[in-house]
Amino acid sequence: MSEKLAAGNLSPEQNLEEVESLLRDHHLKVTKPRLKILQYLMSHHNHPTAATIFAAISGQEPTYRATVYNTLNKLVDEGIVVEIKNGDDSLHYDFMVEPHFHIICKQCGKIADVYYPDFATIEKKMQLEAEKQTGFVTSTSHLEIFGICSDCQEKNKKNKSN
Ligand code: ZN
Ligand code: MN
């Protein structure tokens with residue numbers, strides 16, 4: 001089985017250690033905004049927007065909005081956090097405790113997690129194939145599938161029959 005960073009089951013101290021070592025692995029300085037944002041994303045898997053994250057962590061202590069946005073961008077660049085566009089005008093963020101991909105409703109913007117056996121291996125293979133075909137050096141990847149969610153399908157059916 002894949003080894004899980006089961007952040008939800010960790011004490012705040014363990015969680016902090018986890019985040020610090022994650023940052024060190026990526027040669028990133030341990031800063032308060034990085035810690036706060038990663039701790040938040042490790043315990044919230046509902047794909048929050050930057051505004052939601054900002055509201056949550058600036059409640060604990062004053063934080064600049066720009067700092068939160070810049071920090072998120074940095075974490076996305078490093079491949080630690082995934083950025084998801086779902087068609088509304090905000091970006092959503094996810095820390096992948098376990099490898100998964102996303103399915104997005106084109107109608108209401110709902111983002112759902114999809115787990116697939118060996119997804120991490122398959123994704124790695126796709127990156128290697130991309131490198132072979134293009135000569136790129138790959139860094140991060142993120143698979144999104146688009147469709148219409150079951151709630152919207154129901155709504156559409158009702159609207160049609162009215
Ligand atoms: Zn929908
Ligand atoms: Mn997700």
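Q: Let's start with H102. Is it buried or exposed?
A: H102 is buried, with a relative accessible area of 0%. Keep in mind that this is a predicted model.

Q: Okay, and which residues coordinate the manganese ion (ligand 2)?
A: H102 is one of them, through NE2.

Q: What is phi for H47?
A: Phi of H47 is near 55 degrees, a positive value in a residue other than glycine. For background, most residues other than glycine have a negative phi. H27 also has a positive phi, near 55 degrees.

Q: Where's H27, and is it buried or exposed?
A: H27 is in the loop between α1 (12–25) and α2. H27 is exposed, with a relative accessible area of 74%.

Q: Switching to helices. At what angle do α2 and α4 cross?
A: The axes of helix α2 (residues 32–43) and α4 cross at roughly 70 degrees and come within 10 Å. That makes α2 roughly perpendicular to α4.

Q: Which residues make that contact?
A: From α2 there are P33, R34, I37, L38 and L41, and from α4 there are T67, V68, T71, L72, K74 and L75. The residues of this α2 and α4 contact divide into seven nonpolar, two polar and two charged.

Q: Now α3. Which of its residues are buried?
A: In helix α3 (residues 50–60), the buried residues are A50, I53, F54 and I57. Seen down the axis of α3, they fall within an arc of 100 degrees, so they line one face of the helix.

Q: What do the buried residues of α3 pack against?
A: They pack against α2, α4 and β2 (91–95).

Q: New topic: G79. Where is it?
A: G79 is in the loop between α4 (65–77) and β1 (81–85). G79 is partly exposed, with a relative accessible area of 37%.

Q: How far is G79 from S141?
A: C-alpha to C-alpha, G79 and S141 are 8.1 Å apart in space, though 62 residues apart in sequence.

Q: Let's zoom out. How many helices and strands does the protein chain have?
A: The protein chain has six helices and five strands. From the N terminus on, the elements run α-α-α-α-β-β-β-β-α-β-α.

Q: What does the C-alpha trace span?
A: Along its principal axes, the C-alpha trace of the protein chain spans about 55 × 45 × 30 Å.

Q: And what share of the residues count as buried?
A: Of the 162 residues of the protein chain, 30% count as buried.

Q: Last one: among contacts between residues at least 6 apart in sequence, what share join residues at least 24 apart?
A: In the protein chain, that share is 48%.

Terms used: Residues numbered from 1 in each chain as written. Chains lettered and ligands numbered in written order. Predicted model: local features only at pLDDT ≥ 70, side-chain atom pairs only at ≥ 80, totals over all residues. Heavy atoms only, no water. Donors = N, O, S within 2.8 Å, 3.2 Å for Na, K, Ca; no water. Buried < 20%, exposed > 50% of the residue type's maximum accessible area, 1.4 Å probe, protein only. Helix = DSSP H or I, 4+ residues; strand = E, 2+ residues; numbered from the N terminus. Axes fitted to C-alpha atoms, helices over the stretch in contact; angles between N-to-C directions. Parallel < 35°, antiparallel > 145°, perpendicular 65-115°, else oblique. Contact = heavy atoms within 4.5 Å. Nonpolar A, V, L, I, M, F, W, Y, C, P; charged D, E, K, R; others polar. Arc of directions from axis to C-beta.
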